[in-house]
Amino acid sequence: MIPSNFNYIKAKSVDEAISLMGQHGDEARLLAGGHSLIPALKLRLNDYQYLIDVSRIPELRNIEEKDGMIHIGAMVTHGEIVNSDLIKEKLGIFSQAADLIGDVQVRNLGTIGGSIAHADPAADWPGVLLATDAHIHLQGKGGSRKVAAEDFFQGLYSTALEEGEMITSIGVPVHAGAKSTYVKFMQPASRFAIVGCAVVINGNGARVAFNGVSATPFRDKDVEASLDGGDSSEVAASKAAEGVSIMSDHFASEAYRKQMAKVYCKRALSSL
Ligand code: FAD
């Protein structure tokens, strides 16, 4: 399908993008890699008069280490994350997750900021950001703020982003000696997660998070408590996805998804 007509504006800076959003309000939408927005426009699920392209703004495209954190600009593509030596060395779980996203074309254009703003329940980044205790930097006309990943994802395609705000970067703490992994049971055509499980174990204990299972990505505190209490991977994984509302669709029923959450949690824990 062909989308309705829209005006394309290429923003040169974050300030310009924010000012354009203020000027055009509901009629405008930010455009990053376009891998979720353009299909939605083509299907006429959304209709905007202005698309503000932020994908080439230099300040949104950096990956840097500062004060024990790695900061990933919102417009860094999944492919750039796969290829970053800094991320490979310090945040292996990010390289691993990025490499599992879609195909080469999707990884070359899709961005981490676009993905988390879209908040597709089957996307891979949300679980990884929850498990790594990441936070999201936002900027709007009122200034900038930082939101923990746990508070950012609020429901199906719903986030803490307020009108006129944009994501500028993602900050991830680096813990020397931490063990981490991301595994997923993927839909074979799109490679979106039917179940994604991210695990980080460091000096502060275990953090285990799921995406794809529920409409909102979540930390599984039962599994974390079990691991911190010294239970085996098998026992801890058997507690996965209990007491949460589980999605059911034509890819996986509720019961199957729940069982796959336990299976993939066990695989993740056993691989550490
Ligand atoms: P866009 O589509 O450009 O934007 C998405 C939304 O985010 C829009 O509403 C836009 O306004 C908003 N937005 C963009 N940037 C910002 C910003 N800086 N601040 C605030 N809002 C912003 N994802 C996975 O996780 N796993 C997969 O396996 C996977 N497989 C895929 C397979 C296919 C065939 C396709 C088409 C997509 C797949 N994706 C997958 C999604 C892909 O990873 C994209 O990252 C994702 O669609 C959105 O990122 P984008 O950069 O393309 O954002």
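Helix H1 (residues 14-24) lies across E1, E2 and E3. H1 runs at about 170° to E3. This is a predicted model.

**The parallel sheet**

The three strands under discussion form an open sheet, and their order is E1-E3-E2. Their pairing is parallel. Strand E1 (7-10) and strand E2 (28-31) stand at the edges. Each has a single partner strand, so one side of each is left without a neighbour in the sheet. From one strand to the next, the twist averages 25°.

E2 pairs with strand E3 (residues 50-53) over four bridges, in the parallel sense. Within this part of the fold, Arg 29 stands opposite Leu 51 in E3. Strands of a sheet pair through backbone hydrogen bonds, either parallel or antiparallel.

**The antiparallel strands**

Which sense of pairing joins E11 and E12, parallel or antiparallel? Strand E11 (residues 179-186) and E12 pair in the antiparallel sense. E12 also pairs in the antiparallel sense with strand E13 (residues 205-211). The bridges of the strand pairs are set out below.

| Strand pair | Sense | Bridges |
|---|---|---|
| E2 and E3 | parallel | four bridges |
| E11 and E12 | antiparallel | eight bridges |
| E12 and E13 | antiparallel | seven bridges |

Single residues mark these pairings. Val 183 has Cys 197 in E12 as its bridge partner. Val 200 stands opposite Arg 207 in E13.

The hairpin of E11 and E12 has six residues between the strands. In that hairpin, Arg 191 takes a positive phi near 70°. The hairpin of E12 and E13 has two residues between its strands.

How much of E12 is buried? Strand E12 (residues 193-202) is mostly covered, with nine of its ten residues buried.

**The nonpolar cores**

In soluble globular proteins, nonpolar side chains tend to be buried together. Here the largest nonpolar core holds 52 residues. Val 54, Ile 81, Phe 94, Ile 116, Trp 125, Leu 129 and Phe 152 touch the most other members of that core.

What does Val 54 touch, leaving out residues up to four places away in sequence? Its contacts are Ala 11, Ala 17, Leu 30, Leu 31, Leu 60, Met 75 and Met 166. Among these, Ala 17 falls within the span of H1, residues 14-24. Leu 30 and Leu 31 fall within E2, 28-31.

Technical notes: Residues are numbered from 1 along each chain as its sequence is written. This is a predicted model: local features need pLDDT of at least 70, side-chain atom pairs count only at pLDDT 80 or more; totals for chains, interfaces and linings use all residues. Side-chain values use heavy atoms; hydrogens and water are left out. A nonpolar core is a set of buried Ala, Val, Leu, Ile, Met, Phe, Trp, Tyr and Cys residues joined through side-chain atoms within 4.5 Å. Buried means under 20% relative accessible area, exposed over 50%, partly exposed in between (1.4 Å probe, protein chains only). Contact means heavy atoms within 4.5 Å. Two strands pair if DSSP finds at least two bridges between them. Axes are lines fitted to C-alpha atoms, for helices over the stretch in contact, and angles run from 0 to 180 degrees between N-to-C directions.
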